[in-house]
Amino acid sequence: MDQILYDAGDDGVAVVTLNRPEAANAQTMALLDDLDAALTRAARDDQVKVIVLRANGRHFSAGHDLKDRWPGPGEITLEWIYDAETRRYLEYALKWRNIPKPTIAAVQGRCIAAGLMLCWPCDLIVAAENAEFSDPVVHMGIGGVEYHGHTWELGARKAKEILFTGRPLSAREAEQVGMVNRVVPLDELDASALELARRIAAMPSFGLRQAKRAVNQTQDVQGFYAALQAVFDIHQTGHGNALSVSGFPILTRLEDMKQKLK
């Protein structure tokens, strides 16, 4: 079964779907490569004006698939981790953020850790009432996921609270701080995201591209891009500490949490 589904209609909207519902849409390296290919396809298609990212199943994404093949404890190095995460986590997320077309994430259920790295790069987020957003990786001795948008998405104090406690942020809380644009009943999530996408698709493509670039560039002038690069290196100190202390067993510490989602 394809991990990523792609559908582009004649309404100017491409829908990209995460399709690992049996694993709560946990992200393997292969899934991320397929997702990048689908988003790149939509970005290059002149008939596509807006992209919707959604997920099949109960949950948007449980984050990284901790059962995905990494080198064993005796093989893994910080250099390997740094290179792998630079490409598939940080660089992919930044690339998706800067797609020159509006993007909308439709989120239901749990959106955990790396799940944030799928919805945060999108321009807009429509959330179901049951959506919960969390980044519990402080449990692993790491200060947050690789694409550290927390402060920009939540504000400094709320970002610290969510990171320090590991607790999930509800859809309504996320809407209140401006991270989420709309909260809708679960059974209206897809229809609401598509309605919004079609409304945007009626606007001139070049105007949409300019508007998106203007907002993203404003954030970058304020330090967004430089901050993400710097905090990515802070993230790697967590991996370095884990390697030096215990040979990296932290890869399995969140597995019990994810098993509860199934």
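Q: Which residues of α7 are buried?
A: In this predicted model, helix α7 covers residues 189-201. An α-helix has 3.6 residues a turn, so residues three or four places apart point the same way. The buried residues of α7 are Leu 189, Ser 192, Ala 193, Leu 196, Ala 197, Ile 200 and Ala 201.

Q: What covers the buried residues of α7?
A: Both strands and a helix take part in the covering. The helix named is α8. The strands named include β2 (13-18), β3 (50-55), β4 (103-107), β6 and β9 (182-184).

Q: How many Å does α7 reach from its first C-alpha to its last?
A: The helix has 13 residues, and the expected reach is worked out at 1.5 Å a residue. The reach in the model is close to that expected value, at 18 Å.

Q: Which helix gives the largest share of the lining of the largest pocket?
A: The largest pocket holds about 560 Å³ of space and is lined by 22 residues. β6 (124-128), α4 (150-154) and α8 (205-221) each supply at least two of the lining residues. The largest share, six residues, comes from α8.

Q: How many residues in the lining of the largest pocket are nonpolar?
A: Cys 122, Asp 123, Leu 124, Val 215 and Asn 216 are the lining residues that lie nearest the centre of this pocket. By class, the lining has four polar and four charged residues, and its nonpolar residues number 14.

Q: Is Asp 123 buried, exposed or partly exposed?
A: Asp 123 sits in the loop between α3 (116-119) and β6. Buried means under 20% relative accessible area and exposed means over 50%. Asp 123 has 29% relative accessibility, so it counts as partly exposed.

Q: Which residues is Asp 123 in contact with, leaving aside neighbours within four places in sequence?
A: Contact means heavy atoms within 4.5 Å. Asp 123 and Ile 99 are 24 residues apart in sequence, and their C-alpha atoms are 9.7 Å apart in space. The contacts of Asp 123 are Arg 97, Lys 101, Pro 102, Thr 103, Asn 181 and Lys 212.

Q: How many disulfides does the count come to?
A: A disulfide needs a pair of cysteine sulfur atoms within 2.5 Å. The sulfur of Cys 111 is 3.9 Å from its closest cysteine sulfur, in Cys 119, which is too far for a bond. The sulfur of Cys 122 is 7.1 Å from its closest cysteine sulfur, also in Cys 119, and this is too far for a bond as well. The count of disulfides comes to zero.

Q: What is the relative accessible area of Cys 122?
A: A residue is buried when this value is under 20%. Cys 111 is buried, with a relative accessible area of 0%. Cys 122 is buried, with a value of 13%.

Methods: Residues numbered from 1 in each chain as written. Predicted model: local features only at pLDDT ≥ 70, side-chain atom pairs only at ≥ 80, totals over all residues. Heavy atoms only, no water. 1 Å grid on protein atoms, 1.4 Å probe; cavity = no way out; pocket = protein on both sides within 12 Å on 5 of 7 lines; lining within 4 Å. Points joined across faces, edges and corners; volume = space filled by probe spheres on them. Helix = DSSP H or I, 4+ residues; strand = E, 2+ residues; numbered from the N terminus. Nonpolar A, V, L, I, M, F, W, Y, C, P; charged D, E, K, R; others polar. Expected span 1.5 Å × (residues − 1). Buried < 20%, exposed > 50% of the residue type's maximum accessible area, 1.4 Å probe, protein only.
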